[in-house]
Amino acid sequence: MESLNAVNTFFILFCSILVLLMTPSLAMFYSGMVRHKNTLNTIMNCFIVFGIITLQWVIIGFSLAFGNDSGGGIVGDLTHLWLNNTSGVNDSGVPNILFAVFQMMFAIIAAAIITGSLVGRVKLGVLIVFLIFWSTFVYDILAHMIWGSDGFLAARGSLDFAGGGVVHISSGVAGLIGAILVGARKHVEPNAGAHSIPYAFLGAILLFIGWLGFNAGSAGALDSIAVNAFVVSILSAASGFLVWVIIEWIQHKRPTVLGGLSGLVAGLVGITPACGYVGISASIIIGVMSAFLCYFGISFIKYKLKCDDSLDAFGLHGIGGVWGGIATGLFASSAINPGTTGEGTLGEGFFINGSYSLLLEQLFAIVVCVALSAVVSFVIFKVIALFTDLRVDESVEKEGLDSILHGEEAYSLRT
């Protein structure tokens with residue numbers, strides 16, 4: 001029987017704290033980008049996920065994601081219901097209960113990302129019901145298929161180191177479906193969204209710091225792969241930030257702070273599935289391309305399709321996650337992670353060994369992630385709509401959700 005490894009245990013404990021930091025940081029980032037009258041509602045929408053998904057994960061989510069396969073590599077059984085049978089340690093000497101908590105933080109942030117697409121008009125109750133069912137029938141299933149020891153996509157050789165498909169593609173697609181079905185915001189004035197850019201900046205930087213635990217901790221132990229994930233995540237984020245600023249500078253002659261932060265997030269999303277498999281030069285390329293693709297993807301989606309993905313959950317997380325999955329199939333290297341070669345694997349990326357095998361499998365996994373999240377999200381929203389309107393009344397939206405729904409105001413303008 002494995003004994004507890006104090007170094008690895010502390011490392012995963014610390015990374016769990018960092019990933020937990022991501023959810024309130026995302027709430028800050030999101031809330032800084034909305035009108036002041038919806039600040040608290042945006043925070044509530046994002047952070048209430050901490051309460052509902054924590055309980056969902058403990059009761060059934062972890063078991064569905066990491067329980068023994070129930071057949072076909074699609075979903076786990078109920079072995080770990082209420083976190084039962086999680087005593088002992090894993091192969092890295094980390095307590096199984098701590099591993100469950102670390103993974104819980106991923107489930108929380110995945111659900112929180114979705115809320116950015118729906119700010120300013122969705123009912124809180126509708127959002128809560130949607131996220132409970134989405135986490136159960138999308139996130140937990142994808143986590144099992146990709147990260148479970150007997151998962152369907154894992155068995156085929158798909159690679160997703162820290163959640164490009166499980167977290168970012170799935171949440172981005174769900175946000176897009178939600179934005180379409182809930183409908184666009186009304187009474188939106190041009191360039192009048194962000195009420196506090198410094199507040200958004202602080203949230204984004206804290207999100208960045210937490211993300212390093214998100215990616216590095218996915219190694220499961222303090223080793224060279226974890227260190228590589230940490231380093232390349234920083235490089236991709238820096239590349240994404242800089243390229244987005246340059247694009248704005250060239251196209252609009254005015255580089256913006258919010259634009260730079262979007263580039264930062266795009267770079268982080270793009271490197272997430274690849275960070276345990278690619279090296280320095282590849283990470284810079286991934287960050288650069290993440291910024292390009294997300295920038296023009298957002299422009300196309302929001303201005304061509306006229307879809308009000310309020311805070312660009314799909315534009316950043318969906319598109320960035322798709323690119324990250326493809327990039328893994330292009331740049332994965334055994335020099336970084338020996339696990340990319342050997343029995344049961346598809347080998348290195350196309351630009352490393354010239355083989356299409358891994359790239360084609362990555363494309364297949366991306367299609368699975370997109371299809372599952374899109375179909376299930378559509379069904380959940382449609383079922384909820386049978387019982388209640390998805391959005392608040394127009395008068396509430398015009399007045400602001402903070403004062404009407406919560407009886408609070410973010411800022412006191414009284415003297």
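**Buried charges, core and rings**

Author: Let's start with Asp308, which is buried, its relative accessible area being 12%. Buried means under 20%, exposed over 50%, and partly exposed in between (1.4 Å probe, protein chains only). Keep in mind that this is a predicted model: local features need pLDDT of at least 70, side-chain atom pairs count only at pLDDT 80 or more, and totals for chains, interfaces and linings use all residues. Residues are numbered from 1 along each chain as its sequence is written, and side-chain values use heavy atoms, leaving out hydrogens and water.

Reader: Which residues are linked with Asp308 in a network of salt bridges?

Author: Side chains of opposite charge can pair when their charged atoms come close. Here Arg121 and Arg185 join Asp308 in the network. The rule asks for a side-chain nitrogen of Lys or Arg within 4 Å of a carboxyl oxygen of Asp or Glu. For Asp308 and Arg121 the closest N and O atoms are 4.0 Å apart. Asp308 sits in the loop between H10 and helix H11 (313-331) and Arg121 in the loop between H3 and helix H4 (124-147), so the bridge ties parts 187 residues apart in sequence. Helices here are DSSP runs (H or I, at least four residues), numbered from the N terminus.

Reader: And how far apart are the closest N and O atoms of Asp308 and Arg185?

Author: They are 2.9 Å apart. Arg185 lies in the loop between helix H6 (164-182) and helix H7 (197-216), so this pair spans 123 residues in sequence. At 26% relative accessibility, Arg185 is partly exposed.

Reader: How many salt bridges are there in total?

Author: Five, by this rule. Another of them joins Glu397 and Arg391, at 2.8 Å. Glu397 is buried at 3%, and Arg391 is buried at 16%.

Reader: Now the greasy part: how many residues does the largest nonpolar core have?

Author: It has 120 residues, and those with the most contacts inside it include Phe29, Phe130 and Trp134. A core is a set of buried Ala, Val, Leu, Ile, Met, Phe, Trp, Tyr and Cys joined through side-chain atoms within 4.5 Å. Helix H3 (residues 96-114) supplies the largest share, 14 residues.

Reader: How many aromatic pairs are there?

Author: The count is 24. Rings of Phe, Tyr and Trp (its six-membered ring) pair if centres lie within 6.5 Å; planes under 30 degrees apart are stacked, over 60 edge-to-face, the rest tilted. Phe350 and Phe351 have centres 5.5 Å apart and planes at 50 degrees, so they are tilted. Ring pairs also link Trp57, Phe62, Phe66, Phe99, Trp134 and Tyr139 into a cluster.

Key:
Helices (H or I, at least four residues) and strands (E, at least two) are DSSP runs, numbered from the N terminus.
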